[in-house]
Each structure stands twice: as C-alpha cells, then as structure tokens.
Amino acid sequence: MAIKSLQYKQSTFGISYEIVNPEAKVDLIILHGWGSNKNLMKQSFAPYMKGFRHIYIDLPGFGKSTCCKALTTEDITRIVEMFMVLINASKDVIVGHSFGGKVALLLEPKVLVLLSSAGIYINKPLKIKLKIALFKTLKVFGLAKLRSLFVAQDAKTLSEPMYQTFKNVVDENYSDKFAAYQGKALICWGRDDTATPLFAGELIHSLIENSIFEVYYGDHYFFLKNAKDISKKIENTFLSTLGGE
Amino acid sequence: MKLTILFGGASFEHEISIVSAITLKEKLKHFDLSFIFCDQDHSFYLIQAQQMKAITFSKAEHKKMPQLSLVNGAFIEKKMFSKVEHKNTVLNLIHGADGEDGTIAALLDFFSIRYIGPRVNASVFSYDKRYTKWLCEAKEIKSVTYEMLSTHEHKNLSLEYPVIVKPASLGSSIGVSIVKDESELDYALDVAYEYDKSILIEPFIEGVKEYNLAGYMANGKMVYSIVEEPQKEEFLDFEKKYMDFSRSEQVLKADISSQLEAKLRKTFDKVYKNMFEGALIRCDFFVVKGEVLLNEINPIPGSMANYLFEDFAGGIEALASSLPHAKRASVNYDYIHSISSAKGK
C-alpha cells in the first residue's frame with residue numbers, strides 16, 4: 001500500500017492506493033463501492049490480468065484514504081483524476097463497482113467496466129418512504145436524537161462529512177450520462193442483486209450504445225466469485241478496442 | 001521461573017507480536033508463564049494460557065477476559081470484593097510502536113515493574129533508524145551511507161540507483177522497497193510514507209552478505225547466539241519474512257571464519273554495552289569487502305530470536321536475574337526542613 005496527499009478545494013486528502021504489476025504498460029484503475037475499500041477489489045482481481053498495471057484506489061473517506069469535508073460524486077471524480085495525474089496513470093480501462101461505477105463513468109475511460117453500478121434511480125419501497133416521513137415529523141418535535149433508528153444501514157457509522165456525502169451521492173440519476181458515454185463498456189451484474197437490481201443493469205446496457213452485458217449468478221458482490229471470468233472478459237473487451245482503428 | 005509475557009500494542013507489528021507470544025509459550029513451556037495482552041486501545045487483558053491462539057484476538061474474545069490496570073510494582077486485576085496482583089518479571093514482547101519506541105519501557109519503569117527489554121534510551125536509538133545512524137557516528141560503528149527524506153522536505157536524491165527505501169521507524173521490512181531506477185521511486189516513497197513521515201534511503205548493495213547476531217548481557221558477561229545468514233531472495237519483504245511465521249526451528253550456523261565472527265561480536269559489543277542492558281537484542285549486519293556494517297538493531301527481535309540460541313530458556317532466566325535497576329531519587333524534604341528550621345517554625 002502507499003499514500004499520496006493532494007489538495008482539492010483548499011483541503012488535503014490522503015489517497016491510499018496500491019499498484020500491482022508495476023511494469024505493465026496498460027493501466028487498469030479499479031474503484032470500489034460505497035462502504036467498501038480497495039482490498040476487497042484487490043483480493044478479487046490481483047491474481048488476473050497480468051498484462052495490466054492494476055491501480056487499486058481507496059476513494060476519499062473510505063479504507064485508508066482521508067476526507068474531512070462533504071463531497072459530491074463530481075468532487076470525488078476530480079480527486080481521482082488529480083490523483084491519476086500525480087501517478088501518471090492513463091484512462092485505458094476503469095472498473096467501478098456500485099458507487100465506484102458512477103465515478104468510473106464520469107472519468108470517461110476508453111473502456112468502462114461496470115460491476116453492478118449505481119446511477120439508476122430506484123423508487124424507494126413504501127416502507128422506507130414512511131420511515132423518512134416519520135423521522136422528518138419527529139425532527140419537528142425535536143426528537144432528532146432518534147436518528148440512529150432511522151438512518152440507512154450504509155450510513156450508520158459514517159462521520160458527519162461522510163454522511164453529508166452519502167446524501168449527496170445517493171439517489172442520483174445518471175441515465176443521461178450513461179447515454180452520453182462514447183467509449184466501449186462492459187457491464188456485469190449479479191442476477192439476484194437487491195441493492196442495484198438487474199433491471200438497472202439492463203437499462204444501462206440499453207443506454208450505452210457500445211456495450212456488452214453479462215449476467216452472473218450472485219448478488220451485489222457477485223464479482224467475488226466470478227473474478228476470473230470477468231477478468232477474461234475485460235481483457236477481451238480491451239483487445240477488441242485495439243486494431244481496426 | 002515465573003514470567004509474564006506482555007504482547008500486542010498499538011503498532012503495525014501488532015499481529016507479529018501475537019505470533020511471537022504464541023511461539024514463546026511453546027519455547028518456554030517449562031516456565032510458569034502468564035500472558036498480558038495490550039490491545040490497540042491500550043487496555044491490558046490477562047489471557048489464559050489455553051486461550052493463547054491467534055483467533056482469540058482476531059475475534060476480540062480477549063475483551064471477555066479480566067482487564068488489568070497498573071499500580072506501583074504490579075498489574076492488578078480488580079474483582080468484586082478483592083484484587084489480585086501480578087508481580088512477575090515482564091518480558092516486553094511488543095514489537096514496533098509502544099514496545100520498541102520506549103513507551104512501554106517508560107511505563108514499566110514508572111510503575112517499578114521489573115522487565116526484560118530495552119530501556120527508554122536504548123529504545124530511542126534503535127526504534128528510529130535515523131537515530132541509529134547517529135548512534136553509529138557517536139560510537140564509531142560503521143554503517144551504510146544514507147539520505148533522509150520527509151513529507152515536509154522535497155529534495156533530489158544524490159545516491160545512485162538501485163536504492164533501498166525504508167520508513168524511519170518500522171521493523172520487519174514493513175514499507176521497505178528496492179528501487180532500481182527513478183521511475184519506481186515515487187511509488188516506493190508513497191509506500192513508505194503510508195507508515196512514517198520520515199524516510200531513510202540507502203544504496204542497495206547487490207550480493208551483500210548479511211549476518212544476524214543476537215545476544216544479551218547476563219551476570220556481567222556477554223552471551224552471543226550463533227551467527228545466522230538469513231535466507232533472502234532479493235531481500236526479505238514483510239510477507240516472506242512472516243508468512244513462515246513461527247520460525248522456531250533452530251537454524252544452521254552461518255559458514256564464516258572465526259575472525260569474521262569475532263569482528264561481528266566486537267561490533268555487537270559496541271552497540272550493546274552501556275545502552276541495551278536488560279534486553280536481548282538482535283543486530284543485523286552487512287559485510288562488504290570484509291568490513292562489518294551495522295544495518296539495524298532489533299531490541300525486541302521476532303520470537304526473541306529464540307532459534308539462534310542453544311539454551312534459550314536458560315538465557316532468559318539468566319537475563320531475568322541480572323536486570324538493571326532504574327535509579328530513582330529519594331525525596332526526603334531535607335531542604336525544606338532546613339529552611340523551615342532556620343526560620344524557627
């Protein structure tokens with residue numbers, strides 16, 4: 001592991017990262033999902049794709065990267081971009097899981113790999129809507145202390161700036177941005193995903209013109225057990241962009 | 001012999017310390033051992049011998065065990081209506097921060113608890129590799145040339161490649177890399193900065209002979225281990241060094257001349273004397289063109305370098321019987337009394 005400090009909007013961020021296959025010439029950037037970290041991604045993919053320089057990054061506020069202010073998805077993207085400049089990395093292939101998928105998309109790589117990506121707005125079930133309404137009412141009566149009973153599982157242990165970030169990034173609709181993406185995309189999904197359901201993947205596939213859609217057995221973390229096959233598909237997708245141009 | 005093994009600590013080498021403690025439980029099985037674990041929040045726990053398994057700590061089972069606090073001369077366990085004192089000599093087996101940086105030494109000295117391990121001053125000069133270089137200069141011990149870098153100060157290196165990059169204050173090869181040319185330097189520095197703000201850079205000497213020698217002073221005499229030539233690929237990184245974890249087999253003695261062995265011992269003496277008394281330490285040396293260079297001092301070596309000693313248990317017993325005493329001033333208020341009586345009060 002390694003750490004690099006950078007300045008963004010008058011704040012210092014320590015970005016923790018790790019490089020595998022440092023001699024390889026093609027860059028493969030791998031971004032984790034919300035609440036996760038680079039180690040989970042590295043465990044899955046480090047043994048494969050030897051021809052790529054793998055760059056595993058902890059997004060600001062996750063894993064060992066630091067963050068002291070609320071950010072938007074665009075802020076996080078700019079930070080990753082600045083970091084990439086510092087380590088001299090190019091946007092050959094960028095893989096993003098869940099929330100990391102949105103960041104990967106905004107980075108506009110040549111080859112975009114989405115693993116159960118976020119970015120399609122999913123209507124909240126009635127139960128959650130009622131919970132939100134109830135809490136907002138309680139707040140009026142000064143009972144905001146009961147917050148922990150209401151906060152989403154993903155947000156429970158977050159620091160204040162990270163909770164603000166969570167509210168900034170959750171529920172964003174990136175349909176237009178997916179449609180505007182011009183590169184080649186490989187979209188992989190877990191069939192029984194409940195966090196980002198399969199139909200969201202199908203929708204992204206229909207929005208990105210030059211895309212391949214692969215469905216695997218498994219849930220939101222389907223790639224843990226399918227890394228070998230996904231790696232093969234990433235290699236093939238990248239190779240298909242070479243030659244002929 | 002009664003001995004308490006103190007291990008854990010808020011350190012990057014926390015888990016290595018657990019492995020060390022489990023190894024020593026086996027190596028010192030004829031002792032009357034007890035175990036005190038320092039968790040990453042600096043709480044002390046008394047660990048039952050049969051619970052001395054790595055999984056006890058990774059699953060936080062230790063939190064169910066009796067918590068200890070310190071009073072003068074002992075760790076104490078508070079019970080409902082009474083308290084139990086644990087007064088054994090302590091073996092400080094916390095590697096890295098806390099254990100080797102002088103924190104635990106100061107704590108045990110302050111509470112007058114007898115312990116095997118480096119004292120505060122010895123810790124200072126061995127924990128931070130920069131200060132080890134200063135110690136070498138002061139004691140006329142040869143070492144490898146070096147340069148310093150820190151997060152506060154950017155400068156160009158004047159050393160020629162390949163170089164070896166090390167965080168100033170970590171052991172066990174953590175954060176260490178070999179850099180063959182400039183293109184690899186940036187990543188190597190970032191790796192080291194993950195652990196420390198200060199970085200030491202030394203020339204990487206290809207094919208250098210490396211020898212380890214451990215020893216201690218007991219009853220006024222130096223006792224040396226056999227000289228070990230560590231196995232290395234290019235050099236040992238953290239995983240290689242500790243994936244074969246509990247190196248408890250006795251290693252083969254390095255095939256070196258008696259002159260070289262004498263030279264190594266002489267250098268070891270220079271390092272040890274008037275500084276490391278009370279500790280069993282391991283010095284790692286380089287030998288370049290017949291010249292002995294000190295690479296680093298491990299004041300609490302992994303598993304106490306037990307595999308280098310023929311009679312390890314006997315050595316620990318001898319060391320425990322010749323521990324230095326911290327000199328403490330006695331306060332008798334003579335001065336205040338004399339003033340008071342002069343004033344006739």
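A residue is called buried here if 20 or more other C-beta atoms lie within 10 Å of its own, exposed if 12 or fewer do, and partly exposed in between, with C-beta atoms placed from the backbone. The model shown in these close-up views is predicted, so that local features need pLDDT of at least 70 and side-chain atom pairs count only at pLDDT 80 or more, while totals for chains, interfaces and linings use all residues. Residues are numbered from 1 along each chain as its sequence is written, and chains are lettered from A and ligands numbered from 1 in the order in which they are written.

**View 1**
E140(B) is exposed, having 7 other C-beta atoms within 10 Å, and its phi is positive, near 55°, in a residue other than glycine. E140(B) sits in the loop between α5 (129-139) and β9 of chain B, where helices (H or I, at least four residues) and strands (E, at least two) are DSSP runs numbered from the N terminus. In chain A, K9(A) also has a positive phi, near 45°, and lies in the loop between β1 (2-8) and β2 (11-20). K9(A) counts as exposed because 10 C-beta neighbours lie inside 10 Å. Most residues other than glycine have a negative phi, and most peptide bonds are trans.

**View 2. The cis peptide bond of chain B.**
Y161(B) and P162(B) are joined by a cis peptide bond, with omega about 0°. P162(B) belongs to the loop between β9 (147-150) and β10 (163-167) of chain B.

**View 3. The two domains of chain A.**
Chain A is divided into domain 1 (2-121 + 172-241) and domain 2 (126-171), the bounds coming from an automatic or database domain assignment. The C-alpha centres of domain 1 of chain A and domain 2 of chain A are 27 Å apart. Their contact involves 13 residues from domain 1 of chain A and eight residues from domain 2 of chain A, two residues being in contact if their C-beta atoms, placed from the backbone, lie within 7 Å. The side of domain 1 of chain A that touches domain 2 of chain A has seven nonpolar, four polar and two charged residues; in this classification Ala, Val, Leu, Ile, Met, Phe, Trp, Tyr, Cys and Pro count as nonpolar, Asp, Glu, Lys and Arg as charged, and the others, Gly among them, as polar.

**View 4. Helix α3 of chain A and its surroundings.**
Eight of the eight residues of α3(A) are buried, so this helix is largely enclosed by the rest of the structure. The buried residues of α3(A) pack against β3 (26-31), α2, β5 (93-97), β6 (111-115), α6 (160-169) and α7 (175-180) of chain A. Helix α2 (residues 73-86) of chain A packs on helix α3 (residues 99-106) of chain A at an angle of about 65°, with the axes 9 Å apart; the axes are lines fitted to C-alpha atoms, for helices over the stretch in contact, and angles run from 0 to 180 degrees between N-to-C directions. In this contact, T73(A), E74(A), I76(A), T77(A) and V80(A) of α2(A) meet K102(A), V103(A) and L106(A) of α3(A). By class, the residues of the contact are four nonpolar, two polar and two charged. After α3(A) comes E108(A), whose phi is positive, near 50°.

**View 5. Nonpolar cores.**
The largest nonpolar core has 74 residues, and I57(A), V95(A) and V113(A) have the most contacts inside it; such a core is a set of buried Ala, Val, Leu, Ile, Met, Phe, Trp, Tyr and Cys residues joined through C-beta atoms within 7 Å. Another core, of 63 residues, lies apart from it and includes Y115(B), F276(B), C283(B) and I300(B).

**View 6. Two buried residues of chain B.**
I104(B), in helix α3 (residues 103-110) of chain B, is buried, with 25 other C-beta atoms within 10 Å. Leaving aside neighbours within four places in sequence, I104(B) is in contact with N92(B), I94(B), D98(B) and G99(B). P118(B) lies in the loop between β8 (115-116) and α4 (120-127) of chain B and is buried, with 30 other C-beta atoms within 10 Å. Although P118(B) and N92(B) are 26 residues apart along the chain, their C-alpha atoms are separated by 8.4 Å.
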